[in-house]
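Okay, thanks for making time this morning. Let me put the structure up and then we can walk through it together.

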Amino acid sequence: MAKQRTTARPRAPTGGEAMVEHFDVLIVGAGISGVAGAYHLQKQCPDTSFVILETEERFGGTWWTHRSPGIRSDSDLHTFGYRFKPWIGPPIATAEEILSYMGEVVEENALDRHIRYRHKILKADWSHEDSRWTVEALRTDTNEAVRISANFLWMCQGYYRHNEGYTPEWEGMADFKGRIAHPENWPDDIDYAGKNVIVIGSGATAATVVPAMAESAAHVTMLQRSPTFFRTGRNAIDIAETLRELDVDESWVHEVTRKKIMFDQAAFTERCFETPDQVKQELLGQIRELLGPDYDVDKHFTPSYRPWRQRIAFVPDADLFKGIAAGKASVVTDEIDRITEAGILLRSGETLEADLIVTATGFNMNVMGDIAFSIDGEPLDFHDTVTYRGMMFTGVPNLAWVFGYFRASWTLRSELIADFVCRLLKHMHETGAKSVAPALRPEEKDMKLFDWMDENDFNPNYLMRALPVLPKRGDKREWQHTQDYWREKDEFPAIDLDDELFVYRRGVRSNIAAE
Ligand SMILES: Cc1cc2nc3c(=O)[nH]c(=O)nc-3n(C[C@H](O)[C@H](O)[C@H](O)COP(=O)(O)OP(=O)(O)OC[C@H]3O[C@@H](n4cnc5c(N)ncnc54)[C@H](O)[C@@H]3O)c2cc1C
């Protein structure tokens, strides 16, 4: 199915202010986070009216827009799936399986009635006068502009620009006689059977595309500038298998398996920080065993950074390595000099010939869904704000932002934030607050501020490219976006909503003086 793209200018909204529909909450995006938000809002705040606006024609986000061969998760679905809906398939799942799981959640909870598809939000303005957001969206099917207002904006927009992956500019790209495709814009009509394919990249996407294409291509070469860490193992989880053998109810299997996975992940993450060399040798040992003693693992699979400074992709059933061992795929570690008519000329002088080049070169991060934000008509630059626990921003009222984990499943954070937002909304309702925005406390006014992410902690290229537009971080946990699920799972439910860092307003501006 071809993806929809609209470049035409929107037609002005029809009607005046009377036409602006209003909701308590507006959720941006119907990916795995937006659907989590809607589910929890409906369960925890049943009297709250809400709408989800989604650019695409279906829910699913990442799992709907990505259609390249072999597309699958690289973390397990017990923790990437929701805590409230048991996952009963193999832990690493295809996009289709994830969409079908999300489809059940949408159907079982009648969430579809809240979703407006083909609505791409372009602008959002907060009015202090009215204590509400007004968003302007483009209906991509009719090219109409639609205006909707909401008391609270819940940003579940994901972290990268869908429909436009990141492709560096290489000299000679126009000369190439074959096709060049990015996994985020996978054309429906690509036939690679019997063809020579080069996949540029070394991350999770490359590791997925390479074995999938190697099944029918003549040969697939994974061309990387530098190597990445991988983990590999069976696409199964022992404890889940044992519990199922014992005929334990699936909801218990899900719960226990989640706990076991999170326990193991915590231990692994700790070891990556405490004994990185040992972990590195273990990871490389797995690969040496699969590729044999003559394979140059040092050159092709030994990164220069310590484990977990970038995401570690899980390769289920070692399919990437089995493809390499069988000669269907190979890895070249080199730099691109230029693209030629026939393929790629490398800095080493070697030429790789190809019929198809796949650029698995990453994302263009989009911090806030490419929405032009303003407050009382004044443009808002999120880089001027400080992040409150990676989910709110100083001086920005009634807005929560979902940005998940990299070192654990993304969704674990989406659900922690969902619980926080529901608690905050209930608190505001009970206290009659119309708006809330975090603010640095008096003793924090001179706090040293840093880039959003510490480069020594986690530093993939797409994130480093986006630091100039991301909010800032302070030197206390409240003012940081940590990657620490294991602490946040206890800290978030304990957040004191009456802490002075939450600045509440009890009326619309015109009434404040009278309060
Ligand atoms: C190939 C691939 C594999 C991945 N595998 C994993 C994994 O195994 N584990 C893991 O934890 N993470 C993984 N990730 C990261 C993944 O993106 C997230 O985990 C998760 O799917 C993000 O969900 P989300 O709902 O927050 O965002 P998204 O999936 O990005 O969905 C956001 C939605 O918001 C919509 N939207 C954005 N802006 C607007 C706007 N202005 N107006 C209206 N709608 C808008 C988009 O159309 C989209 O549908 C993977 C990412 C990719 C690309």
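This is a predicted model: local features need pLDDT of at least 70, side-chain atom pairs count only at pLDDT 80 or more; totals for chains, interfaces and linings use all residues.

Take α6 and α7 to start with. That's residues 238-245 against residues 250-274, and the axes are 9 Å apart at an angle of about 155 degrees. Anything over 145 degrees counts as roughly antiparallel, so that's what we call α6 and α7. Their crossing is right-handed. Who makes the contact? From α6 it's Ile239, Ala240, Leu243 and Arg244, and from α7 it's Trp252, Val253, Val256, Thr257 and Lys260.

While we're here, have a look at the loop between α6 and α7, which is where Asp247 sits. Asp247 isn't a glycine, but its phi is positive, about 65 degrees. Most residues other than glycine have a negative phi. And is Asp247 buried or exposed? Exposed: there are 6 C-beta neighbours inside 10 Å, and the cut-off for exposed is 12 or fewer.

There's another one like that, Arg118. Here phi is about 55 degrees, again positive and again in a residue that isn't a glycine. You'll find Arg118 in the loop between β3, residues 115-116, and β4, residues 119-127. With 18 other C-beta atoms within 10 Å, Arg118 comes out as partly exposed.

Back to helices for the second pair, α1 and α11. α1 is residues 32-44, α11 is residues 410-431, and their axes come within 9 Å, crossing at roughly 35 degrees. This crossing is right-handed. On α1, the contact uses Ile32, Ser33, Ala36, Gly37, His40, Leu41 and Gln44; on α11, it uses Thr411, Ser414, Glu415, Ala418, Asp419 and Cys422. Sorted by class, that's five nonpolar, six polar and two charged.

One more helix, α5, residues 204-214. How many of its eleven residues are buried? Ten, so this helix is mostly covered. The buried ones include Val209, Val210, Pro211 and Met213.

Last stop, His114. You can find this residue in the loop between α4, residues 95-108, and β3. Why does His114 count as buried? Because there are 20 other C-beta atoms within 10 Å of His114, and 20 or more is the cut-off for buried. Skipping the neighbours within four places in sequence, His114 is in contact with Ala38, Phe50, Val51 and Ile52. As for Phe373, His114 is 259 residues away from it in sequence and 23 Å away in space, C-alpha to C-alpha.

Terms used: Residues are numbered from 1 along each chain as its sequence is written. Axes are lines fitted to C-alpha atoms, for helices over the stretch in contact, and angles run from 0 to 180 degrees between N-to-C directions. Helices (H or I, at least four residues) and strands (E, at least two) are DSSP runs, numbered from the N terminus. Angles under 35 degrees count as roughly parallel, over 145 as roughly antiparallel, 65 to 115 as roughly perpendicular and the rest as oblique. A crossing is left-handed if the near helix is turned anticlockwise from the far one by less than a right angle, and right-handed if clockwise. Two residues are in contact if their C-beta atoms, placed from the backbone, lie within 7 Å. Ala, Val, Leu, Ile, Met, Phe, Trp, Tyr, Cys and Pro count as nonpolar, Asp, Glu, Lys and Arg as charged, and the others, Gly among them, as polar.
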